[in-house]
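Below are some questions and answers on one protein model. Please look at the sequence and structure first.

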Amino acid sequence: MSEQLTFPAESAALLEPRLPPKSDATEASRSRPFVTLTFATSLDSSLSLSPGVRTRLSGPGSKAMTHYLRTRHSAILVGVSTVLADDPALNCRIAGTPSQPRPIVIDANLRWTPRHSDKVFEVCRNGIGLAPFILTGVDESSLPRGSVELLHEHGGKYIHIPASRSQSTDRLRFDWNDILAALQAEGLSSVMVEGGGQIINSLLDPAYHDLIDSVIVTIAPTWLGQGGVVVSPDRVTDTAGVPLPVARLSHVSWHPFGEDVVLCGTLRQ
Ligand SMILES: NC(=O)c1ccc[n+]([C@@H]2O[C@H](COP(=O)([O-])OP(=O)(O)OC[C@H]3O[C@@H](n4cnc5c(N)ncnc54)[C@H](O)[C@@H]3O)[C@@H](O)[C@H]2O)c1
Ligand SMILES: Nc1nc(=O)c(N)c(NC[C@H](O)[C@H](O)[C@H](O)COP(=O)(O)O)[nH]1
């Protein structure tokens, strides 16, 4: 039996200013999805002990909060290494949730081979989750037939979006404007970007700060130590090469949930 979480209404009210508007009218006027950047971090800014190691940071209260966020967003976005590491369900496990978010996997270079036994497909078959849309830079003609069929059987699909080839890694990379345009085209009016580290650091590039409507960070009272998956975006410097802060949240509020504290804010001025 899948876990059933509950999140008190009075706790949900604390988050309201940082959540996508509920009214359809606002959604209809938006040119792009509402973007919430949300993740759980240690005191040393790590998301997990090391790449590929799923690490529990959230306590029950803030975990329920994360699942409440999943009731309030049309989509949940993670990078391919999170899928490879965690075999995540990417569904909402709040008891009685009226809807499920669409899982979005950023897999520009097709590193993930979806399998029938993956948890994200299992919850879909059990009617408590949706199949993923996989965003890739690989041409349709090169998509693996078996993966395309597995996705279609469950209501998921590959979505090809424009990509540039990174000079340093020779890997395909997406512009976040193109990622969000693809979600908008699918009618997804809001997306929670959950990680992992490379995805978050990529979105925290100053070029994209205007795309981020809300930031909700769970801070757990633990140090994971050196070698973790760290949220620390690329350095920014002034014209003289002097380092500058990459970003500072405004409209900040702090909310204790059990032993964790949840920081809410925005990068939009
Ligand atoms: N604590 C949390 O809230 C949380 C959330 C998610 C994941 N995690 C953990 O983080 C780890 C995974 O993080 P990670 O950094 O290794 O991987 P990731 O999930 O961030 O995925 C990395 C992949 O995404 C690609 N990518 C990043 N930005 C891109 C862009 N703009 N365009 C195209 N591709 C892009 C990278 O090239 C790489 O292939 C796992 O251990 C997981 O358990 C923790
Ligand atoms: N809020 C939060 N607290 C944590 O302690 C933790 N490890 C994650 N990690 C988020 C990452 O994205 C998860 O590994 C998948 O979201 C997975 O799990 P589910 O979809 O719930 O199965 N997120």
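Helices (H or I, at least four residues) and strands (E, at least two) are DSSP runs, numbered from the N terminus. This is a predicted model, in which local features need pLDDT of at least 70 and side-chain atom pairs count only at pLDDT 80 or more, while totals for chains, interfaces and linings use all residues. Residues are numbered from 1 along each chain as its sequence is written, and chains are lettered from A and ligands numbered from 1 in the order in which they are written.

Q: Which element gives the most to the shell around ligand 1?
A: A residue is near a molecule if its C-beta atom, placed from the backbone, lies within 6 Å of it. 29 residues surround ligand 1, the closest being G79, S81, G195, G196 and G197. At least two residues each come from β1, β2 (46-48), β3, α4, β9 and α8 (197-203). With five residues, the most is given by α4.

Q: Which elements give two or more residues to the shell around ligand 2?
A: Ligand 2 is surrounded by 16 residues, and the closest are A40, L57, S58, D86 and P88. The elements that give two or more are α4 (80-86) and β9 (190-195).

Q: How many charged residues does the shell around ligand 2 have?
A: Asp, Glu, Lys and Arg count as charged; Ala, Val, Leu, Ile, Met, Phe, Trp, Tyr, Cys and Pro as nonpolar; and the others, Gly among them, as polar. The shell around ligand 2 has six nonpolar and six polar residues, and its charged residues number four.

Q: Which strands stand at the edges of the open sheet of nine strands?
A: Two strands pair if DSSP finds at least two bridges between them. The order is β6-β5-β4-β3-β9-β1-β10-β15-β14, with mixed pairing. Each edge strand has a single partner, so one side of each is left without a neighbour in the sheet; the two are β6 (157-160) and β14 (250-257).

Q: What is the bridge partner of F39 in β10?
A: Strand β1 (residues 34-41) pairs with strand β10 (residues 214-219) in the parallel sense over six bridges. Across from F39, the bridge partner in β10 is V217.
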